[in-house]
Each structure stands twice: as structure tokens, then as C-alpha cells.
Amino acid sequence: MDTLPVINVSGLDVEYRTATGPARALRDVEIAVHQGERVGLVGESGCGKSTLLRTVMGVLPPNGKATGGSIRLGDDDLLMMSGKERRRVSWAEISMIPQSALNALNPVKRIDAQILEAVRAHRKIGKREGRDLVARLFTMVGVDPARASDYPHQFSGGMRQRVLIAMSLALSPRLIVADEPTTALDVVVQDQIFRQLRALQEERSFAMILVTHDIALVVENCQRICVMYAGMIVETGATGDILATPRHPYTIGLLNAVSVLGRNREPIAIPGSPPNLFEKLDGCRFAPRCPLASARCHREVPENTDLGNGQHVRCHHHDQAEDFARRAGSPETWRQAHAGVDELR
Ligand SMILES: Nc1ncnc2c1ncn2[C@@H]1O[C@H](COP(=O)(O)OP(=O)(O)OP(=O)(O)O)[C@@H](O)[C@H]1O
Ligand SMILES: [Mg+2]
């Protein structure tokens, strides 16, 4: 793509301070998202998806800190900004659709008041203009504007989630990050909400990062996929390419573990669990679970290799991926790797 990305995350490291020492939650993360693009971020629980979104949004908890890298929004590096500058950017330029509408909305405040409060933190807005804006936002996300003065508990889960989407759009940001925005909802409502988000995005062409456990949702909704493992992005590429020719053994395992649309395979779980984030790992973080791992994988962190078609992979043995993908459908392939872990240690 020849346009400049809306957001460009480069070499990002994030740590959480804990009683047992620093937990290295993100390592050398690279992700760029262009205008009008929807990128899906997938990976096992605890791999750092929310940490990445919170870092981009500038809402890490107090014990979390970016210790390296940059997050460029246009010409600005968000990590170099003062707290005040950062607050200007959050919501106005980048907004977030959180996972739980129940926790995100204040139960004792009317919904329109909450939306306008968020807007007023960034610009002056008169009564009339405010009312019009809320009505427009409600219409946009498919909720009757006559309900704008309701309290959150008067809304269904799906309606509350739509309100959060409306809130995220209120200041017309350039980037929206969504953390499991529909996990709590049934599939029908989930589908409606995504259809609406896609339509809104095509109309307003903001960039979007969608975090989800559900690969099928990414396949349906995102042009590009980033696969994360233990704090690193191990593979990224156009959705079609990742599905057709995944090059990282973890991606191949992940696609095995779910029944992705149109693939009639039995799901296979990858044996073992991700590494402890306190450990200093010299090699590839996936090596202990990887059937392709060689001695080099336990020693050297793989570089981010550009495969030429917009696909990037961090694996020393990506040239064996095609053959491996054929064997990966058999649980035996994975069991052997896991059985070998103890011998290596
Ligand atoms: N405030 C915190 N203090 C210490 N460690 C944290 C904190 N928040 C997250 N972590 C750790 O950082 C790692 C990444 O967590 P994160 O919430 O980003 O994962 P995730 O990919 O969003 O997982 P999930 O899919 O379960 O939401 C985890 O190991 C988690 O335990
Ligand atoms: Mg999360």
C-alpha cells in the first residue's frame, strides 16, 4: 500500500511491574494500519492483545509501561507525548470500543449525558447541537434516538454495545480499536453489529483494529490478520493469504484449532501452554510447543521476514510451512513436539 498508515507501531516493548519482577507483555511489536483498513488481531488468552490496544489508546494500568519502540500517528510519536497531549489524542483521534458495555457505562447517568460528557472533554458543544449529535449517532448505530435519555440498565446487551460504538464515533476518530466488542452477545446480534460497523467504516473510512478470539469473525470482517503469540506478532498478512498459505507453525496450529468457515476439519488444540512472561527467552517463544523447532529456534529470536506479498513471518523454518501444514491436521504431529519439550530442557 502506498499511502502512509494512520497508525504505525514499531519495535514496541511493554512491561508490567509486578511483585515477582517485570512481566514482558509485548516484545518488538510491529503493526501498521491504513485508512479504511480493518485489521484483526488474534491469539491465545494472555498473549497481549488487550495490552497492545491499551498502549495504543494510552490507557495502560499504572504498573504498565512502554519501555521501547514508537507509536506514530501521522507525524507524532504517541509515546513521546505529555499526558495532556495524549489525552487530546485519545477519543478525538483514536477511540476504543471496550469489551464490556456494563463496566464501561456509568449506571447512574443517562446515556445521552454520558456521550456528551465525553465530547465536551474535547470541544465545546451547545445544547441543541449536542442533542442533534446524539440523535445522529443513535441513528447511525441503529438505536431509536427517542431512547437517548434512558439509563444503561434500560437497554439490552446488544443496544448497550451499540451505544459504545456510537460513543467511539462521536469525535470522528481516525482509528478505532475494538477489544472483543461482541463476545457477550448472541451470534445474530453480533452479526448485525458487525454489518453496521463495516458499513460505517466504509462510509467514514476510519482505520480499525479488531481483537477477538473468533477467527471466523476476523475472516468475515478484516482484510488483514495479525497473529500474536506470547507478546509478539508472529505472522501478518492479507486474510486470504494467511488462510491459504499460513507460514508460521503457530498460525497453522491456530487454524487447526478452530473450524474456520468452509474447512471441515476436526479442531485440534495445540498441546502445552504459552511461556511465562517473567522468563528471559532467548529463542523463539513458540519453540517449546513447535514440532518444527530446531536447536537454533531455542537460541535465536527469528527476524520478521518479508515474504513479498505483504505477508510477514517470524519463523526460522517458514520454508517448511507448506509441508508442515499438510501434517498439522494430525494430532500426532503436535503430540510429538510436546513430548520432546522436557528432553530439551
Ligand atoms: N495490570 C497487569 N499487571 C500485571 N500483568 C498484567 C496486567 N495486565 C495484563 N497482564 C499480563 O500481561 C499478559 C497479557 O495480557 P492481556 O490482557 O494483554 O492479554 P490478552 O491477549 O488480551 O488476553 P485475553 O484474550 O484473555 O483478553 C498476560 O500474561 C497478563 O497476565
Ligand atoms: Mg484481552
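Because the model is predicted, local features need pLDDT of at least 70 and side-chain atom pairs count only at pLDDT 80 or more, while totals for chains, interfaces and linings use all residues. Residues are numbered from 1 along each chain as its sequence is written, chains are lettered from A and ligands numbered from 1 in the order in which they are written, and side-chain values use heavy atoms, with hydrogens and water left out.

**View 1. The residues around ligand 1.** Here you see the shell of 15 residues that surround ligand 1, with Ser45, Gly46, Lys49, Ser50 and Thr51 the closest (a residue is near a molecule if one of its heavy atoms lies within 4 Å of it). By class, the shell holds eight polar, five nonpolar and two charged residues. In this scheme Ala, Val, Leu, Ile, Met, Phe, Trp, Tyr, Cys and Pro count as nonpolar, Asp, Glu, Lys and Arg as charged, and the others, Gly among them, as polar. Helix α1 gives the most to this shell, with three residues.

**View 2. Polar contacts of ligand 1.** Ser45 brings a polar side-chain atom to 2.5 Å from an oxygen atom of ligand 1. Gly46 uses a backbone N or O atom, 2.8 Å from a ligand oxygen, and a polar backbone atom of Gly48 is 3.0 Å from an oxygen atom of ligand 1. Taken alone, the ligand exposes 640 Å², and the protein buries 68% of that (areas from the Shrake-Rupley method with a 1.4 Å probe). The elements that give two or more residues to the shell are β1 (7–18) and α1.

**View 3. Helix α1 against helix α2.** Follow α1 (residues 49–57) to where it packs with α2 (residues 83–92), at an angle of about 115° and with the axes 9 Å apart. Axes are lines fitted to C-alpha atoms, for helices over the stretch in contact, and angles run from 0 to 180 degrees between N-to-C directions. Helices are DSSP runs of H or I with at least four residues, and strands are E runs of at least two, numbered from the N terminus. On the α1 side, Thr55, Val56 and Met57 make the contact; on the α2 side, Arg86, Ser90 and Trp91 do (contact means heavy atoms within 4.5 Å). Three of these residues are nonpolar, two polar and one charged.

**View 4. The four-stranded sheet.** This open sheet has the order β2-β1-β4-β5, with antiparallel pairing (two strands pair if DSSP finds at least two bridges between them). Its edge strands are β2 and β5 (76–77), each pairing on one side only. A hairpin through two residues joins β1 to β2; nine bridges link this pair, and Glu15 stands opposite Arg24 in β2. Eight bridges pair β1 with β4 (residues 64–73), where Gly64 stands opposite Tyr16. Helix α1 lies across β1, β2 and β4, at about 110° to β1.

**View 5. The eight-stranded sheet.** Eight strands form an open, mixed sheet in the order β6-β7-β8-β3-β9-β10-β12-β11. Helix α10 (residues 249–257) lies across β3 (38–42), β9 (224–229) and β10 (232–238), running at about 105° to β9.

Technical notes:
Polar contact = N/O pair within 3.5 Å; in protein donor to acceptor, adjacent residues only side chain to side chain.
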